[in-house]
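Hi,

Here is the structure I promised to pass on. Have a look at it first, then read my notes below.

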Amino acid sequence: MLCLQQKKLAYANSWRGTRMKIRTKRILILLCFIVTLGACTAEENKTQNDNENGTIYSADIFAMDTYMTLSAYGEKAETAVSAAVEEVNRLDTLLSVSSEKGDIYYINQNGGGQVSEETAELIIKAKKAFTETDGAFDCTIAPVMEAWGFRSGNFCIPEAEELSELLQKVDSSKILIEGTEVLLPDGVSIDLGGIAKGYTSHQIMEIYRENGITSGIVSLGGNVETLGTKPDGSLWRIALQDPENTEEYFAVLEVADRAIITSGGYQRNFIQDGEVYHHIIDPVTGFPAQNGLISVTIVSKDGTLADVLSTSLFVMGTEKAVNFWRQHKDEFDAVMMTEDRRVLVTEGIMGVFTPLTNDSVEVLS
Ligand code: AMP
Ligand code: MG
């Protein structure tokens, strides 16, 4: 097994290290500009600012291994954003593989056990996704993630033999769940990293609604969900990061009441001998998926579904992803970039899609 020193790789993991902090601040500034949130700053704290749309209240936090910005307009914005921050922290603990007080940690350590109704529901959704995506989405990928070092930060390229052994534990159909009782036989363990952020942004929208907010937006490490429109009735403008030059954007989508969730190998990775190894694993090979797509953005009313599908379509690769969309046209839209930089956009969002580069754009119908 070829293991790398965490220190050496700190710069390579795009979600860690100073370089990333600087870059994240730049992204936050750009996002603030692009969604025209007014005089928004990139401070990692709470801010309140007045602009032409009224008063916006924002919180910048680090949770779920990523930088997040939660913003809302309206009288109760401060209360709503504070409650939303608490919710993010609660879900981070509940669903993370490494949080000792959480459900997932507990069942992974004990081969199963009693979980909350909420966790049970998410596991059921993940299992359903496994079936519906023909195994591309597999939340039992946990041991493989660990072998690559994505949990500890001690990155390794596992030996083929180790991977084939670990892959025997990767099979979501082995998860047994009855009510809130989960059984994980044969060393199976769960990683909800491919669904948790989408569920979290969905929950934040619920909290915003409960607080009477009609205009709000969250960005959880680039995964965006919007509530309503901006206060002046105009659509939110969401910029899509260029997977090959992450300080730039390749397109803008204009939306209201939508989750816009992106999966890309550029989001978390390490580099060894010039090769990039990223965090989205193909459950067939145990290796980072390399099936022709370098970025997949899903647009849907349902944040949880969008998160599941961004990971799934990335794993499926170009042809299967396009076929999958054709079979589920009514449920979501997508923007995908292929490794030869073709931009594939589903017909339902062509009207709200603006390219920012000269890459060729193909409309999927
Ligand atoms: P995302 O950024 O939403 O695409 O999710 C990537 C995360 O999902 C990884 O960091 C892992 O925690 C987990 N993951 C990796 N590969 C898979 C897969 N094939 N199916 C489900 N979850 C995965
Ligand atoms: Mg996902």
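Start with helix H3 (residues 77-95) and helix H8 (residues 196-210), whose axes cross at roughly 150° and come within 9 Å. That angle makes H3 roughly antiparallel to H8 (over 145 degrees counts as roughly antiparallel, under 35 as roughly parallel, 65 to 115 as roughly perpendicular and the rest as oblique). Axes here are lines fitted to C-alpha atoms, for helices over the stretch in contact, and angles run from 0 to 180 degrees between N-to-C directions. Helices are DSSP runs of H or I with at least four residues, strands are E runs of at least two, and both are numbered from the N terminus.

On the H3 side, the contact (heavy atoms within 4.5 Å) includes Ala80, Val81 and Leu91, while H8 brings in residues including Tyr199, Ile204 and Ile207. By class, the contact of H3 with H8 has 12 nonpolar, two polar and two charged residues. For those classes, Ala, Val, Leu, Ile, Met, Phe, Trp, Tyr, Cys and Pro are nonpolar, Asp, Glu, Lys and Arg are charged, and the others, Gly among them, are polar.

By the way, this is a predicted model: local features need pLDDT of at least 70, side-chain atom pairs count only at pLDDT 80 or more, and totals for chains, interfaces and linings use all residues. Residues are numbered from 1 along each chain as its sequence is written, chains are lettered from A and ligands numbered from 1 in the order in which they are written, and side-chain values use heavy atoms, leaving out hydrogens and water.

H3 also packs on helix H5 (residues 117-132), at about 70° and with the axes 11 Å apart, which means H3 is roughly perpendicular to H5. Glu118, Thr119 and Leu122 are the H5 residues in that contact. Its residues divide into four nonpolar, one polar and three charged.

Next, helix H7 (residues 160-167): Leu163, Leu166 and Leu167 are buried there (buried is under 20% relative accessible area, exposed over 50%, partly exposed in between, with a 1.4 Å probe and protein chains only). The buried residues of H7 pack against helix H6 (142-147). Exposed Glu161 and Glu165 sit on the face of H7 turned away from its buried side.

Asp65 has a positive phi, near 65°, and Arg341 has one of about 60°. Most residues other than glycine have a negative phi. Asp65 is partly exposed at 30% relative accessibility, whereas Arg341 is buried at 17%.

Cheers
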